[in-house]
Amino acid sequence: MTEPAERRPRKRVTYGAGREALLNAAVRVVARGGLRRLTYRAVAEEAGVTHGLVVHHFGSRDALIEEALAHAIRTSLSSSALEPGTGKTEDFSVGLTEMVESGPDLQSFQYELLIEARRRPELLTHLRALYEEYFEATRRELTQMLPGPVDEGLSRMVFATLEGLVLHQLVFGEREIIEDALEELRGVLRLLARERDAH
């Protein structure tokens, strides 16, 4: 008689903490296996809880995806130093490389959903709304750093640079190169601030 496969022990999960634990588990499942691997059972197994608990918290797979995406973006915003609020260029995105190193699944999850949105346009509405938070955080910080108005094009360009650097570090590592690139970006922002001050 063969021994049964070892299973993760079931955890007792309180409502608030349990919901976050399930969202973190969903992020890990998608980051490692893509959106097609996201099932109630996979999330339950990752979190070490019953599959019924996942159903209870979210009700539908789409609700789980939507809430996991919102959770991922909130967590990224709070840990990225995208918006330190000081108005100093030297503080801009200082924690970016640490964020990638400490939470690669979180970043992978977001990129997985961006790619999946090309196949499933219904995800675009949620992604667009949630990415507006990134764009707005970037614009607010640039507004503190730069004299004069900051238009959407500039804030999107700066955010796209940061997002590209995150993807590069996620795939290739090379933290030192990313740090150098971030310092170059800060240098460009300093030059832009001086140029605007001169006019």
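Here is a chat about salt bridges, surface patches and one histidine in a predicted model.

Trainee: How many salt bridges does a search of the whole structure find?
Mentor: Side chains of opposite charge can pair when their charged atoms come close. Here the cut-off is a Lys or Arg side-chain nitrogen within 4 Å of a carboxyl oxygen of Asp or Glu. Searching the whole structure that way gives 17.

Trainee: Which helices do Arg 32 and Asp 105 lie in?
Mentor: These two side chains meet in a salt bridge, N to O at 3.0 Å. The pair links distant parts of the chain, 73 residues apart. Arg 32 sits in residues 15-33 and Asp 105 in residues 104-119, so you want helix H1 and helix H6.

Trainee: Is Glu 116 buried or exposed?
Mentor: Glu 116 forms a salt bridge with Arg 36, with the closest N and O atoms 3.9 Å apart. Arg 36 is in the loop between H1 and helix H2, and Glu 116 is in helix H6, so the pair ties together parts 80 residues apart in sequence. Arg 36 is exposed, at 62% relative accessible area. Buried means under 20%, and Glu 116 has 6% relative accessibility, so Glu 116 counts as buried.

Trainee: How many residues apart are Glu 152 and Arg 156?
Mentor: They form a salt bridge too, and their closest N and O atoms are 3.1 Å apart. Glu 152 is exposed at 52%, while Arg 156 is partly exposed at 31%. Both lie in helix H8, with a spacing of about one turn of the helix, namely 4 residues.

Trainee: Which residues form the nonpolar patch on the surface?
Mentor: One member is in helix H8, residues 152-172: Leu 167. At 37% relative accessibility, Leu 167 counts as partly exposed. Together the patch residues have about 300 Å² of accessible area, and they are Leu 167, Val 171 and Phe 172.

Trainee: What does His 71 touch, leaving out residues up to four places away in sequence?
Mentor: His 71 lies in helix H4, residues 61-79. With 5% relative accessibility, His 71 counts as buried. Its contacts beyond those sequence neighbours are Glu 20, Leu 23, Asn 24 and Val 27.

Notes:
Residues numbered from 1 in each chain as written. Predicted model: local features only at pLDDT ≥ 70, side-chain atom pairs only at ≥ 80, totals over all residues. Heavy atoms only, no water. Patch = residues over 30% accessible without salt bridge, like charges linked within 9 Å, V, L, I, M, F, W, Y side chains within 5 Å. Areas by Shrake-Rupley, 256 points an atom, 1.4 Å probe, with all protein chains shown as cover. Helix = DSSP H or I, 4+ residues; strand = E, 2+ residues; numbered from the N terminus. Buried < 20%, exposed > 50% of the residue type's maximum accessible area, 1.4 Å probe, protein only. Contact = heavy atoms within 4.5 Å.
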